[in-house]
Structure formats: structure tokens, C-alpha cells
Amino acid sequence: MVYTLNNHRKKKSIMIRLWIHSDREALIQNMKCNVPEYFAESEIVEFMDYLNQNAEHYYVYEDQGKIIGSGGINYFLDEGVARISWDIIHPSHQNRGIGKQLVLYRINEIKKIPKIKFIIVRTSQMVYPFYQQLGFELDFITKDYWAKGFDLYQMQMNIQV
């Protein structure tokens with residue numbers, strides 16, 4: 001998906017696309033920029049493992065050739081579930097609607113698969129209000145799940161028609 005926006009006489013090229021292996025270092029750097037505000041230090045290794053093993057449906061938000069955001073989808077077709085995973089926006093680009101665009105893009109991708117009935121997001125106490133605004137409802141909380149001081153907030157969205 002490619003967007004072209006006019007921005008005061010110059011064109012701005014914004015793209016949401018599937019990640020490629022050469023994006024790896026930029027993705028890890030964006031993750032590190034969000035430690036410790038949104039992620040625990042220990043999650044960097046988990047994210048690197050995710051990229052190596054489970055990032056089949058991982059998307060990047062690219063602006064003028066620079067990756068400033070990313071997020072994935074994991075499918076559990078037998079359960080009728082898709083999970084939004086590893087949403088990361090570079091701190092200098094947060095609160096500009098990029099995260100929302102990435103989530104809505106992935107929700108639309110998920111809705112193309114008839115077997116999926118629910119979307120799950122597993123996040124923390126710092127970010128759950130963002131997902132709540134997008135229509136996700138809180139299922140449960142597990143204290144210190146990700147790391148000490150980083151609680152799990154599991155949220156769900158029903159997409160059955």
C-alpha cells in the first residue's frame with residue numbers, strides 16, 4: 001500500500017509494506033528507542049527472536065525511505081484468532097496517527113480471512129488506552145508479565161459479521 005500526500009509544495013512518500021530482512025537493524029533500533037518507556041530491556045532479545053522466527057506478516061511504515069513504525073500479525077486459524085503483535089513507533093513520530101494507521105491497515109488485512117473471528121492484542125498498561133480507543137476490549141491483566149513493572153493487558157476485538 002503506497003500513499004502519496006501533498007505537503008506544502010513537496011510530495012511525501014509514505015508506504016506500509018511487508019518487512020524484508022534488510023529492515024532488521026532499523027526495526028531493532030526503533031525498538032531500543034522505546035526502552036524503557038514502552039518496552040523492558042529484556043524484550044529486545046524477544047523481538048529479535050520474533051523477527052528471526054515469527055515475522056511472516058510483519059509490516060513497516062516507511063516515510064521518505066525511513067522506517068518509523070512497524071507491527072505484525074500472527075494467525076491462529078484453527079482458533080479463529082489473529083493477534084496484533086510488536087507495534088513499535090519511533091518516539092520522534094509518536095502521537096501523529098502512525099500507530100493508528102498501522103493497526104487499521106492490519107485489521108483490514110485480517111478481515112480478508114473469513115476464518116478469523118477475533119483479533120487479540122497483548123500490550124501493557126502504558127499502551128492499552130490506545131487500543132481501547134480503536135475498539136479493543138480488555139480481557140484480563142497479568143501483573144509483571146513482560147518484566148517487572150510491565151503488566152500484560154490482553155485485549156480483544158470481535159470481527160464476526
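Colleague: Which residues of helix H1 are buried?

Modeller: In this predicted model, local features need pLDDT of at least 70 and side-chain atom pairs count only at pLDDT 80 or more, whereas totals for chains, interfaces and linings use all residues. Residues are numbered from 1 along each chain as its sequence is written, and side-chain values use heavy atoms, with hydrogens and water left out. Buried means under 20% relative accessible area, exposed over 50%, and partly exposed in between (1.4 Å probe, protein chains only); helices (H or I, at least four residues) and strands (E, at least two) are DSSP runs, numbered from the N terminus. On these terms, the buried residues of H1 are Arg-24, Leu-27, Ile-28, Asn-30 and Met-31.

Colleague: What arc do these residues cover around the axis?

Modeller: The arc is taken from the directions from the helix axis to the C-beta atoms. The residues lie on the same side of H1 because they cover an arc of only 160°.

Colleague: Which elements do the buried residues of H1 pack against?

Modeller: Contact means heavy atoms within 4.5 Å. By that criterion, the partners are helix H2 (43–53), E3, E4 and E5.

Colleague: Does Cys-33 count as buried or partly exposed?

Modeller: Cys-33 is found in helix H1 (residues 24–33). Beyond residues up to four places away in sequence, Cys-33 touches His-90 and Pro-91. Its relative accessibility is 38%, so Cys-33 counts as partly exposed.

Colleague: What distance separates the C-alpha atoms of Cys-33 and Ser-92?

Modeller: Cys-33 and Ser-92 are 59 residues apart along the chain. Their C-alpha atoms are separated by 9.4 Å.

Colleague: With which side chains does the side chain of Asp-87 make a polar contact?

Modeller: Asp-87 lies in strand E5. A polar contact is a pair of N or O atoms within 3.5 Å; within protein, one must be able to donate a hydrogen and the other to accept it, and residues adjacent in sequence count only if both atoms are side-chain atoms. At 2.3 Å and 2.3 Å respectively, the partners of Asp-87 are Arg-106 and Tyr-131.
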